[in-house]
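Here is a short briefing on one protein chain. Keep the sequence and the 3D view open as you read.

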Amino acid sequence: MDYFPKPALIWNNEFEKLFTAPKVGEGGQVLKQVSLSDEKLKEKLQLFCDIVNEYDTYKLSGEGWQTLGFLLYLYEAPFIWRVRDLYDLADKSKHREDVPIAVALIGQGKTGKSTLGRRLAAKLTGALNFMGSGEFEERNKYVNKAISDVINEYLQTSGPVSPLMIDDVRPDLTTRQYFEDMIKRN
């Protein structure tokens, strides 16, 4: 049984084309070809470059590199689990833990972290799983516990999902026993 999210987009080597997987609950394994015209691809690439340039020019000096790294990680996200499996099959010097399954944006106020995730990266990659920590307040007064539960549900999803992005995670999230237990379980 697979306990990790399936990629929303799948590259098929046989056909050398990009396909989109069926959504959860649709059933069947029919893949639909995703076609980006030259003009659409050019627009996406221009937006990618504009975002990186914006952070390099108008935010704290040199943040373009971090922005680039974050966006590239989002593009790699559908293949992270496959890459981790390949590391397991590689020689003894490679470890699956060398391939991160999460990325964190760290900065103090008004550096553009939320904007990068919610508005820019989501638009660029089609990632729709962006949540602010305030959204967890109503679910549970213990925000970190609620976030752990959402991550657990996400990891148990068997259908295609986009990368999960959570804004303003409490700093002590990863030190909680329930978070550690959830990671070990998955």
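pLDDT is the predictor's confidence in each residue, on a scale from 0 to 100. This is a predicted model, so local features need pLDDT of at least 70, side-chain atom pairs count only at pLDDT 80 or more, and totals for chains, interfaces and linings use all residues. Residues are numbered from 1 along each chain as its sequence is written, and side-chain values use heavy atoms, with hydrogens and water left out.

**Confidence**

- The protein chain has a mean pLDDT of 75. In it, 69% of the residues reach 70 or more.
- Helices (H or I, at least four residues) and strands (E, at least two) are DSSP runs, numbered from the N terminus.
- Confidence is lowest in strand β1 (residues 6-7), where the mean is 61. Confidence is highest in helix α6 (residues 177-185), at 88.
- Where pLDDT is low, the predicted coordinates should not be read in detail.

**Overall build**

- The protein chain has six helices and seven strands.
- Along the sequence, their order is β-β-β-β-α-α-α-α-β-α-β-β-α.
- Buried means under 20% relative accessible area, exposed means over 50%, and partly exposed lies in between (1.4 Å probe, protein chains only). Of the 186 residues in the protein chain, 32% count as buried.
- The accessible surface of the protein chain is about 12,900 Å² (Shrake-Rupley method, 1.4 Å probe; for residues, only the protein chains shown count as cover). Carbon and sulfur atoms hold 54% of that surface.
- A contact means heavy atoms within 4.5 Å. Take the contacts in the protein chain with a separation of 6 or more: residues 24 or more positions apart account for 56% of them.

**Salt bridges**

- Side chains of opposite charge can pair when their charged atoms come close.
- A salt bridge is a side-chain nitrogen of Lys or Arg within 4 Å of a carboxyl oxygen of Asp or Glu. By this rule, the count is five salt bridges.
- One of them joins the side chains of R96 and D85, at 3.2 Å from N to O. R96 sits in the loop between α3 (80-89) and α4 (113-125), while D85 is in helix α3, and the two are 11 residues apart.
- R96 also forms a salt bridge with D88, at 2.7 Å from N to O.
- D85 counts as partly exposed at 35%, and D88 is partly exposed at 45%.
- E180 and K184 meet in another salt bridge, at 2.9 Å from N to O. They are four residues apart in helix α6, so about one helical turn separates them.
- E180 is partly exposed, with a relative accessible area of 35%. K184 is exposed, at 63%.

- Two packed helices are described by the angle between their axes and the distance between the axes.
- Axes are lines fitted to C-alpha atoms, for helices over the stretch in contact, and angles run from 0 to 180 degrees between N-to-C directions.
- Helix α1 (residues 38-57) packs against helix α2 (residues 63-76) at an angle of about 145 degrees. Their axes are 7 Å apart.
- On the α1 side, F48, I51, V52, Y55 and D56 take part. They meet E63, G64, T67, L68, L71, L72 and Y75 in α2.
- E63 lies in helix α2 and counts as buried at 17% relative accessibility. Leaving out residues up to four places away in sequence, E63 touches Y55, D56 and T111.

- L173 lies in the loop between β7 (164-167) and α6. L173 counts as buried, at 6% relative accessibility.
- Apart from its neighbours within four places in sequence, L173 is in contact with N144, I147, S148 and F179.
- S148 lies in helix α5 (residues 143-156). At 2% relative accessibility, S148 counts as buried.
- Not counting residues up to four places away in sequence, S148 touches L173, Y178, F179 and M182.
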